[in-house]
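Reader: I have a two-chain model open and want to talk through how the chains meet. Can you start with the terms?

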Amino acid sequence: MITDSVTLLVIFVLAAFVGYEVISKVPSILHTPLMSGSNAIHGIILAGAMVVAGYAHGTLQTILAAVAVFLATGNIVGGAVVTDRMLGMFKGRQPGRPGGGAAKEGGAEKAGADKAAGR
Amino acid sequence: MNSYLAVSVSPHTFTWLYLLAAVFFILALKALSSPKQARYGMWIGIVGMVIAAAITWVAQKASHDWVIAVAFVAGAVVAVPAARFIQMTAIPQMVAIFNGVGGGAAATVTTVEFLHDGASGIGPSHAVEVIFGVAIGCISFSGSMLAFAKLQGIMTGTPITYRGQQFANGIVLVVVVGASVATVADPRDIWLLITALAALAVGVGIVLPIGGADTPVLISLLNAFTGLAVAADGFALDNLVLIVAGTLVGASGSLLTKLMSDAMGRSLPNILFAAVGSTVTAGAGPGAGGERSYRSGDPTDVATLLAYSHRVMMVPGYGLAVAQAQQTIVELAKALEARGVRVTYGIHPVAGRMPGHMNVLLAEANVPYEELEEMEQANGELPTTDVALVVGANDVVNPAARDAPSSPIYGMPILNVDQAEHVVFLKRSMRPGFSGVENDLFYDPKTVMLFGDAKDSLAKLVSAVKAA
């Protein structure tokens, strides 16, 4: 493991820049999934919770560590499920998609018209 | 500093796998650049989390395995049904609570670290890392829980202010800093406890005075806090994956906070502290000049106008989400599309209760994402649009933000609906919007006002369009 604090600081700074670059390319239409997805990602504190649970000493530390694992799992699992559900709702115009009826056909025609108009 | 990890996994393997997980997190976020790949991206992220969690589990000193397993299963059992069945309108409070839970976990992890190392004496630099994890985690936890309570309607969503609020918040902040310094100088449990309690109070203090329309900023900010708390934990535990993941989230939350405050045309301090200590700026603008005439239409008139247009842009705002009318506006769009009208949705960044919330609500109502237009794109199309139908939005379409330097909302980016040929406002009354600023567009000859509950009015429009 890397335990040198200077190296960790370098990683921190680089990660901040990478994060900024990657996230500034997310369109505003996906900002809610971005937030709930990044929410799930910080649930990785679960790894930290497991580490401290591993060396927790005595009742108080063990209880606190268990609480941390519980909370982190809720964060990670809940965040991932909600984000996946949400992203499943973002659908493009797909002419062949089942369900919808007349409005769907309208959408398909519009897609064709848009293509013709060079959009 | 801490090498409590068992040696059954070589340190190199460990670092490699953590690096792999970190790369997966970055790829997951990168995939969110397009709605097409976004869902696969989430799964890449999940694989990353499984790798990181599994390797940690394997490598951690083999004690308390059962405790971890039971707590893990319990967490999953509670979270999955909650996440499965939550309504999309309730996403902001769901994000708030998961965010708070993450902050709480971060604070608890560093607390255990402190208690454990405290016995053998904790060095100053290590103590600083621990304090950051505890303090930011606690702020995020209490702030998010309060935000959850506000959004869920457990408590009032209106700003809560009292005399001397700024002073009280200042005192609490001083206590956090003081107790933190004391903890570093003299690492005793009591100092850490005081730091944690005062940090919890800071979280409450930040969220209390923030009102419903400002929640997009608030949620972004709390998200950034939890990310930073996790990164601080990464430093405290010398854990690479926590640092990378926490920092990514911190960057994401910070960027969204900035985007949201820009979209409101206000600075972050202004949003956080505006309600505190300010006498409410009275809505009665001097420019009103007594009674002004406006055109009020009935659903049949408006439906005719819509049905015989070529291009209609729906402009949904916070009020649409409040009225739960997203399904109805989509019905109206579909009725119009069936008549050959081209319908798009112009979406302001702060429409809804969190960044991008309106897009999710409309996606849930089966609007293809190609029809959801961001502000810039929508503004490009508005001059050639026949009718802009504004539902439950006001400030975000107020031309004063663009044209009147004296206006309090001047500088806030808006959707230029005044450039469309006709504008229809669905509103309850002539009351100005959240900012209390009068909207001159209401009195423009090209504007028609349709009064009533948004959902109700939209339903009437649907049947009128079908009959037209």
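Author: A salt bridge here is a side-chain nitrogen of Lys or Arg within 4 Å of a carboxyl oxygen of Asp or Glu. Keep in mind that this is a predicted model.

Reader: Fine. How many salt bridges are there between chain B and chain A?

Author: The count is 2. In one of them, the side chains of Glu371(B) and Arg93(A) come together, with 3.6 Å from N to O. That pair qualifies because the cut-off is 4 Å.

Reader: Which helix of chain B gives the most to the side that touches chain A?

Author: Helix 4 of chain B, residues 91–118, with 17 residues.

Reader: And how do the residues on that side of chain B divide?

Author: Into 70 nonpolar, 26 polar and 16 charged.

Reader: What about the area buried between them?

Author: About 9000 Å², and carbon and sulfur atoms give 76% of that. In residues, 112 of chain B are in contact with 85 of chain A.

Reader: What share of chain A is buried?

Author: Of its 119 residues, 61% count as buried. Chain A exposes about 4600 Å², with 68% of that from carbon and sulfur atoms.

Key: Residues numbered from 1 in each chain as written. Chains lettered and ligands numbered in written order. Predicted model: local features only at pLDDT ≥ 70, side-chain atom pairs only at ≥ 80, totals over all residues. Heavy atoms only, no water. Contact = heavy atoms within 4.5 Å. Buried area = accessible area lost by both parts, 1.4 Å probe. Helix = DSSP H or I, 4+ residues; strand = E, 2+ residues; numbered from the N terminus. Nonpolar A, V, L, I, M, F, W, Y, C, P; charged D, E, K, R; others polar. Buried < 20%, exposed > 50% of the residue type's maximum accessible area, 1.4 Å probe, protein only. Areas by Shrake-Rupley, 256 points an atom, 1.4 Å probe, with all protein chains shown as cover.
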